[in-house]
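Subject: Structure handover

Hi,

Here is the structure for you to look over. My notes on what was found follow below.

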Amino acid sequence: PGKLLYRITSDSLSKSGQEQEGWFNRVLMIEDSQAEGLGRALPAGRAFIYMGSLRNNLIDQAWFGYTPEAGRIRIDLGRAAEVRGTIRTLGRTETRAGMYEQEYEIEVINDRKSIVDVEITEEPSTTLEWSVIRANTDHTIQGRRILFTLKVDPGQKKNLRYTLRIREPSV
């Protein structure tokens, strides 16, 4: 069985200093395990989505990337009209010499009638050295990206706030 995830990346949420709205994509996640009849590395390619267990009612086509052995197959089903997000830049605070803090807020709006799992991948729009100093939800750092995962109740909004400490280049 698969699990539906709603995913957005910072490419879809511009941080131009103004409020910016973006749409989440629906992603079907399937465990690539022997228990599911798989368990081997899969090349990137097209996925055909059928209704039920019969192979005669094609309802959609989608793409997925390379999946390592025992990984997760992530099939992108396209834009989801029922889950959207808005990012706001809340302010910049000068701290000690050569550093400042930038605060952001992402509001996730769930118009579905069920709880949704959300994944937000943020890539700070700076080439300077940065670190997350505050966040109101759990996150992990993957390279130069911040990965937030959360659940949003039916018909609700959830606000994610985080602050980056950014180091200015020294001369």
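Tyr 104, Phe 148 and Tyr 162 form one aromatic cluster. Rings of Phe, Tyr and Trp (its six-membered ring) pair if their centres lie within 6.5 Å; planes under 30 degrees apart are stacked, over 60 edge-to-face, and the rest tilted. The structure holds two such aromatic pairs. In one of them, Phe 148 and Tyr 162 are tilted, 5.3 Å centre to centre with 40° between the planes. This pair links distant parts of the chain: Phe 148 is in strand β10 (residues 145-152) and Tyr 162 in strand β11, 14 residues apart. Phe 148 is buried, at 0% relative accessible area. Tyr 162 is buried too, at 1%. Buried means under 20% relative accessible area, exposed over 50%, and partly exposed in between (1.4 Å probe, protein chains only).

Before the rest, the ground rules. This is a predicted model: local features need pLDDT of at least 70, side-chain atom pairs count only at pLDDT 80 or more, and totals for chains, interfaces and linings use all residues. Residues are numbered from 1 along each chain as its sequence is written, and side-chain values use heavy atoms, with hydrogens and water left out.

Overall picture

The protein chain has 11 strands and zero helices. Helices (H or I, at least four residues) and strands (E, at least two) are DSSP runs, numbered from the N terminus. The C-alpha trace spans about 65 × 35 × 25 Å along its principal axes. Of the 171 residues, 36% count as buried. The accessible surface comes to about 10400 Å², and 46% of it belongs to carbon and sulfur atoms. Those areas come from the Shrake-Rupley method with a 1.4 Å probe; for residues, only the protein chains shown count as cover. Now contacts, meaning heavy atoms within 4.5 Å. Among contacts between residues at least 6 apart in sequence, 63% join residues at least 24 apart.

Strand pairing

Two strands pair if DSSP finds at least two bridges between them. β1 pairs with strand β2 (residues 20-31) in the antiparallel sense, over five bridges. Within that pairing, Leu 5 has Val 27 in β2 as its bridge partner. Lys 3 stands opposite Met 29 in β2. β1 also joins β7, this time in parallel, through four bridges. Here Arg 7 has Glu 119 in β7 as its bridge partner. β2 in turn runs antiparallel to β5, with 12 bridges joining them. Glu 21 stands opposite Thr 86 in β5.

Charged contacts

How many salt bridges does the structure hold? There are 16. A salt bridge is a side-chain nitrogen of Lys or Arg within 4 Å of a carboxyl oxygen of Asp or Glu.

- Asp 117 and Lys 3 meet at 3.6 Å, N to O. The pair links distant parts of the chain: Asp 117 in strand β7 (residues 116-122) and Lys 3 in strand β1 (residues 3-9), 114 residues apart. Asp 117 is buried, with a relative accessible area of 16%. Lys 3 is partly exposed, at 42%.
- Glu 82 and Arg 112 meet at 3.5 Å, N to O. Glu 82 lies in strand β5 (residues 72-94) and Arg 112 in the loop between β6 (99-110) and β7, so the pair ties together parts that are 30 residues apart in sequence. Glu 82 counts as partly exposed, at 22% relative accessibility. Arg 112 is partly exposed as well, at 29%.
- Arg 161 and Glu 103 meet at 3.9 Å, N to O. Arg 161 lies in strand β11 (residues 157-167) and Glu 103 in strand β6, so the pair ties together parts that are 58 residues apart in sequence. Arg 161 is partly exposed, at 37% relative accessible area. Glu 103 is partly exposed, at 27%. Salt bridges that share partners join Arg 88, Glu 103, Glu 105, Glu 107 and Arg 161 into one network.

One more contact involves a charge and a ring. The charged end of Arg 92 sits over the ring of Tyr 100, 3.5 Å from its centre. The criterion: NZ of Lys or CZ of Arg within 6 Å of the ring centre and within 35 degrees of the ring normal.

Best regards
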